[in-house]
Amino acid sequence: MIRDITIGQYYAAESVIHRLDPRVKVAGTFLYIISLFCFSRFSGYIIAALFFCIMVKLSKVPFRFIVRGIKPILFMLVFTAALNLLWTSGETVLVRYGFITITLEGIEKMVFMALRLVFLIIGSSLMTLATTPNQLTDAIESLLKPLVYIKVPVHEVAMMMSIALRFIPILIEETDKIMKAQLARGADFESGSIIHRIKSIVPIIIPLFVSAARRASDLALAMDARCYHGGAGRTKMKPLEYKRQDITAYIIIFCYMAVIIISGRVLPF
Amino acid sequence: MKPFIKAEDLVHEYSRRDEEGNVIGINRALDGINIEVQAGDFIAVLGANGSGKSTFAKHLNALLVPTEGTLYVDGKDTSDHKNDLLVRQSAGMVFQNPDNQIVSSVVEEDVGFGPENMGVPSVEIWKRVEESLKNTGMYEYRKESPDHLSGGQKQRVAVAGIMAMKPKCIILDEPTAMLDPEGRKSVIKTARELNKKEKITIILITHYMEEVTIADYVYVMSSGQVRMEGTPRQVFARSEEMVKYRLEIPEVTKIALELNRKGIKIPKDILYPEELVDILLKIKSAGTAV
Amino acid sequence: MSIKLQNVSYIYGLNSGHEKVALRDINLEINDGGFIGIAGHTGSGKSTLVQLLDGLERASSGKIYYNGQDIYDKSFDMRGLRAKVGLVFQYPEHQLFETTVINDVQFGPKNLGLPLLEVELRSYEALKMTGIGDDLIDVSPFALSGGQKRRVAIAGVLAMKPEVLVLDEPAAGLDPAGRAEIFGLLKKLHKENNITVIIVSHSMEDIAKYVERLIVMNNGSIVLDGKPAEIFQFEKELEKIGLGVPQAAKVIHQLRDAGALIKGEYITADESAEAIYKWLKNGEYKR
C-alpha cells in the first residue's frame, strides 16, 4: 500500500515525450530553465508558455498533475512576490502606507518573478512526470560523465541514487513498523511541547538508522558476491542510445532557445 | 576426479574489538574444516547459529580469506585476491535476507546486475536474464518491482540473478530462514531443479533438518568444526546426537526414535512420513512388532 | 479480562480506489488465561487482527470491547489499552534504540507516566522474567546476540505489565535452539505469571506443542476455532487453505487411511509414538 508512492510522481503513459531518451529530457529541461533567465520582458513568457503547452500536450500527462508541483513551494512563491513588491523602487507610486511603498514597477517585477518561479517548477515537474527515476539516474550519470576527468565519482553517485530509490519504499514501510512498535509501548508522537515532540522521534530514528546501516552492509556484500567492482568495465542492460527522434528534439529545443533570446531583443513588450 | 571445492584444514579467526578498536579477543569461527564437494553434487551444511556455517559460506564465495589452511574453488585458491572475481562468478551466493540483496527496482534489471558487472554485452545480458528467469519460474514477474513480490519470490529472483552469471555452483546461505512454509518449499524446489536439470552444484547452508533430506551428502557443523558427515540417512540415523549441536530432529524421526526406545525394531533413519507409515504397516501385518 | 470483537471488518485503502478487505465480519471472544494460536496463510488477515486488539489500527466497522468497554468510545483510554494488551511485533529486536538494555526496557513504563522507582522495579523484573542476566543490564542492546535482543524487546513490553501478551511470529528467523528458548519463555509466562498469551504462527509443530486454543483464518475470516487436536483432524481442509498439519498428525492420518483403527487425536511426536505403539501391540484394522 504505502509502497506505491513513487518519488517525483512518475505518470506512466505512451507518448512522444515518454519515448525520448532521458538525456534529452534532462538537458532540455535544463536549457528551458536557463531560457527563463534570458529575457526581461513579458513577451518571453508568451513564447515559453507556447513551447511548454505543446510539450505538455505531447506528453499526455494531465495538466492537473503538473500544477500539483506548485503546491509545496506556494509559501516561497508568495514570500518572493511580497519581497519584490515591497522592495522595488520606482517612479509611479500607487500606495503609500507608513514606510511601505507600492509602485507600479513593483507590481510588474512581482508578477515577472513569480511567473519565472512558476514556469521553472512546472518545467521540472513535467520532466519527472514523464521520466522514470531510473531513467533519470541513467541520464544524469551519462551527462555528467566528463566530470570523471576531474575526479568526480559520477558512476558511484548514480549507483547510490538508484539504490536509494530502490530502498526508499522499504524504509518508509519500516518507519511505519517501528512507529507502531513504539506506539505499542505507549509512545506519543502527537501531544506535548515542540521539544517533547522532537525528542519523541529518537525511538524511531535510531532503529531506522541501525536498520538502514545493516541493509547497506548486507547489500554491499551481496554486490561484491555478484562481482561488482565499480564502474570500470561495466556494461549496461539498457544502454542509452540516441535515436532520430532525439536529434529532432534537440534541434527543436535549440530553435526555441534562439527564438526566446532573439525575441527578448526585438519585441517591444 | 578433481573436486570442485576442496577445503583443507580451513581456519578463520575473527578479532573482537572494543570501542577504541583494540583487539580484546579472538574468535575461532572455523577450526580446521576439511570438506570436499564434487561437481554436480547437492551438499547440505547443517548447523545452529554460531556453528561457523555462514563463515564457511563466505569463504566459498571469496568474501573472506582463510586465516590458516586453504580453500580451492573450481581449482582456484581463494586466498589470492586476483582470483576473487573468478571465484565469485563460478560459485555464486544467495543470502538470507531477500530484500537486502536486490539492487534494482525492476526484477529483470536486478537479474542483469551480475552480467553487467562482468562486462557481458547488452544483447547477451538480455538472453541470460530471460533464461534465468524462466529457469526459476519468475519470468512473468520480470517487469515487476521487487516490492510486490513475496519473500519466496524475491529469493528466486536472487537465484536467477546468480544464474545469469552462468556459475558452476550456487551457495545458498540460510535462504529460507526468513520465509513462510510456502516460500521455503519454493526456494528448495528451485535449488533442486537447478541441480537436476542444469547440473549446478548446490551448497545449502541451513539449520532445518527437514531441508537436507534431498541432499546427496550432509555435513553437520558445530563450534567451527565438522562433527558429523554422511548421506542424509546416515546423519538422520544418528539424530540423537543432534540435540547437543542445538539442532532439532524432525517429528517423524522423533517418532521412530521413540518407538525404538519402546522396543519396536524400526530403522532410525526415517526421513519422510510416508516412509514411516509404510514400515509401520509392514511391521503390523508381519506381526514382528513384539 | 475479556476481549470481544463484534462484526469487525477492516478495509485497506478505503476511498482510494484500491480497496482491499483484510478482515470481514469477525466475531471473536477471548477470555482469561488462555494460550491461543492464530494461524493462516500470508494475507489471511492475522497480522491485521492482532493490531486491532491493542488499538494500533482502527476497525472500519464493528465493535471491540475490552473488559466490557467499547474501545472506540471517546472516553476510552487507548493508551491504557496498549499497556494492558502488550503487542510484540515480528523481529521485535528492530525496535531497540536506547544506549543500554535497562534504559530501553524502561521506555514502556516511562511512557505510562509511572514514578521512577516503579519504572526501575518493573524493568528489572521484566528482564529477570526473560532470563537476561545482570551482567547484560548496562550493556548496549546492539552488542547482544539475536536471541538476547529479542528477549530484551519482549521484556520491554512485559515491563508494562500487560494482561494479554500478543506476539506475531515470536520465533521468526531463530534457529531450533532459539525457538525452543522463546517458546519455553512464553510457556513459563503463561503458567507462572498467568498472562494470556496469543501467538500468530506459521509453524504447526509449535502450535501443536504449546497452544490450547487454535484460531484458523482464511481470506479475512475465521474458519476454524477450537482445540488444536480437533482442528488438525481436518487435514484436507487445512491444506486447501494453504496450511498443513504437524508431521505427527500426518502419520496417524495416513495410518488411518490405510485402515488402521487408531482412536483419538495425536499431534505431537510423543503422543503419536505412544498411540502407534499401542496400536502395534494390540490394535486392530478397520474392515
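Modeller: Val166(C) touches Val50(C), Leu53(C), Val85(C), Gly86(C), Leu87(C), Val88(C) and Ile198(C), leaving aside residues up to four places away in sequence. This is a predicted model, in which local features need pLDDT of at least 70 and side-chain atom pairs count only at pLDDT 80 or more, while totals for chains, interfaces and linings use all residues. Residues are numbered from 1 along each chain as its sequence is written, and chains are lettered from A and ligands numbered from 1 in the order in which they are written.

Biologist: What makes two residues count as touching?
Modeller: Two residues are in contact if their C-beta atoms, placed from the backbone, lie within 7 Å.

Biologist: Which residues have the most contacts inside the largest nonpolar core?
Modeller: In that core of 99 residues they are Ile255(B), Val88(C), Ala155(C) and Val166(C). A nonpolar core is a set of buried Ala, Val, Leu, Ile, Met, Phe, Trp, Tyr and Cys residues joined through C-beta atoms within 7 Å, and a residue is buried if 20 or more other C-beta atoms lie within 10 Å of its own. A second, separate core of 78 residues includes Ala62(B), Val87(B), Ala158(B) and Val218(B).

Biologist: How do you know what span is expected of helix H6 of chain A?
Modeller: The expected span is 1.5 Å times one less than the number of residues; H6(A), residues 104-129, has 26 residues and reaches 37 Å from its first C-alpha to its last, close to the expected 38 Å.

Biologist: Which residues of H6(A) are buried?
Modeller: Among them are Gly106(A), Ile121(A) and Leu129(A), and what covers the buried residues of H6(A) includes helix H3 (43-59) and strand S2 (100-103) of chain A.

Terms used. Helix = DSSP H or I, 4+ residues; strand = E, 2+ residues; numbered from the N terminus. Buried ≥ 20, exposed ≤ 12 C-beta atoms within 10 Å, placed from the backbone.
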